[in-house]
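Please keep the viewer open while you read along.

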Amino acid sequence: MSTPRTTSPFRHLGPNWYASVMGTAIVASAGKALPVRPPGLAGACEAVWALSAAALAVLLVARAVHWTRHTDQARRHLGDPAVAPFYGCAAMALLAVGGATLSVGSGLIGTGAAVAADAVLWTAGTVTGLVAAAGIPYLMVTRHRIEPGQASPVWLLPVVAPMVSAALGPALVPHLPAGQWQAAMVLACYALFGMSLLATLLILPAVFARLIHHGPLPLALTPALFLVLGPLGQSATAVGNLADAARGALPAPYAHAAAPFAVLYGTPVMGFALLWLVLAAAMVLRAFRQGMGFAMTWWAFTFPIGTCVTGAAGLARHTGLHALTWLAVGLYALLVAAWAVAAARTAHGLVSGRLLAAPRPVPQQLPSVRVRTT
């Protein structure tokens, strides 16, 4: 039995929907970053990029309608500590589609158009990400009422957005004027990298402490554990891409230091990412056994894994190790499988109307009543 549609399909369209755009775009850009080129991969990546660009355009219009017609609900989302962090996804969707446009879409629309589109989307995504990275924590401190034990991996979403800017900005460096412009772009991306990394290091202990002291996350939220992979894989990707961009953009001592740093930082971080992947996968399997159904949180299986693909691919590029190449290929296969499942279930939920319906109220558990017998 399908869930009836709401009066307006836009009323309950939250910022979490941007995760589907991120998760689609990363399939294209991660495929392009692979050190190997299987037959048919290039064409498939171009098709997925076009899908992500179309999805972004549709979602931007739909979210504009949401804010225009349902301002009360939009404000309610900002005031909800469980929903507000997803505004970081808006920035990352812009950045992910922009990066995929330059790396994948340039073969279809031309280099000039791809560079212009990426420049616009990177700038818009970076500004949006900076606003989210500062604004959402401000709301969490001043407006939201968060109880002990409510720390969630979704808190990472706003602060990871600057890391995505740091990872994708280097692709624009060769298209900037040599000298001050290129150097400023590289150093700005390093600043974005540090901003996101240090903020992540503040949040991760709170998330792990919540798991240790309060047990597993609710079933529907369990896939969000994969979000921890985002800042890990994306930071490894960022230092690798910045090492490539630093050659010719920075003075020799710094340019020469960037490549060793990419390997010496990226390798241990990817090691921890693999450890967390095993832990998160085990928690998800446990949730499946307990009856976890589909929710939009399943898109957490896509973009974070995609960042690990690009991180492993960057390490393979800088070290030449075949083991890292096959790691990237294996993670990409996992990414494609996760994307296929999430996309199919999302399409079904849209057709049935379930995903655009009002959230179901959580049933209140009645207190038990003791009956004394004589």
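How many cavities of 30 Å³ or more does the count come to? I got 1 cavity of 30 Å³ or more. This is a predicted model, and I asked for pLDDT of at least 70 for local features and 80 or more for side-chain atom pairs, while totals for chains, interfaces and linings use all residues. My residue numbers run from 1 along each chain as its sequence is written, and side-chain values use heavy atoms, with hydrogens and water left out.

**Entry: the cavity**

I worked on a 1 Å grid over the protein atoms alone: a cavity is a set of points where a 1.4 Å probe fits but cannot get out, and lining residues have an atom within 4 Å of a point. Volume here is the space filled by probe spheres set on the points, which are joined across faces, edges and corners. The largest cavity holds about 30 Å³ of space. I listed its lining as Ala236, Gly240, Ala262, Val263, Gly311, Gly314, Leu315 and His318. Two or more of the lining residues come from each of α8, α9 (252-289) and α10, with α10 giving the most, 4 residues. Helices are DSSP runs (H or I, at least four residues), numbered from the N terminus.

**Entry: a pocket**

A pocket is an open set of points with protein on both sides within 12 Å along at least five of seven lines. Of its 32 lining residues, I found Ser103, Ala167, Leu168, Ala171 and Asn241 closest to the centre. At least two lining residues each come from α1, α4 (87-109), α6 (156-168), α8 (229-246) and α10 (303-319). I wrote down 17 nonpolar, 9 polar and 6 charged residues for the lining of this second largest pocket.

Is α1 buried or exposed? I found 14 of its 16 residues buried, so α1 is largely enclosed by the rest of the structure. Buried means under 20% relative accessible area, exposed over 50%, and partly exposed in between (1.4 Å probe, protein chains only). Pro35 sits in the loop between α1 (18-33) and α2 (41-69); I marked Pro35 as partly exposed because its relative accessibility is 39%. Beyond its neighbours within four places in sequence, Pro35 contacts Ala313, Ala316, Thr325 and Ala328, where contact means heavy atoms within 4.5 Å.

**Entry: the core**

I counted 122 residues in the largest nonpolar core, and Leu56, Met92, Val186, Phe226, Leu229 and Tyr332 have the most contacts inside it. Its largest share, 13 residues, comes from α4. Such a core is a set of buried Ala, Val, Leu, Ile, Met, Phe, Trp, Tyr and Cys residues joined through side-chain atoms within 4.5 Å. Setting aside residues up to four places away in sequence, I saw Tyr332 touch Val27, Ala30, Gly31, Leu34, Leu41, Cys45 and Val309.

**Entry: Leu130**

I looked up Leu130 in helix α5 (residues 111-142). Leu130 counts as partly exposed, because its relative accessibility is 34%. Leaving out neighbours within four places in sequence, its contacts are Pro162, Leu192 and Met195. Leu130 and Pro162 are 32 residues apart along the chain, yet I read 6.6 Å between their C-alpha atoms.

Key
Nonpolar A, V, L, I, M, F, W, Y, C, P; charged D, E, K, R; others polar.
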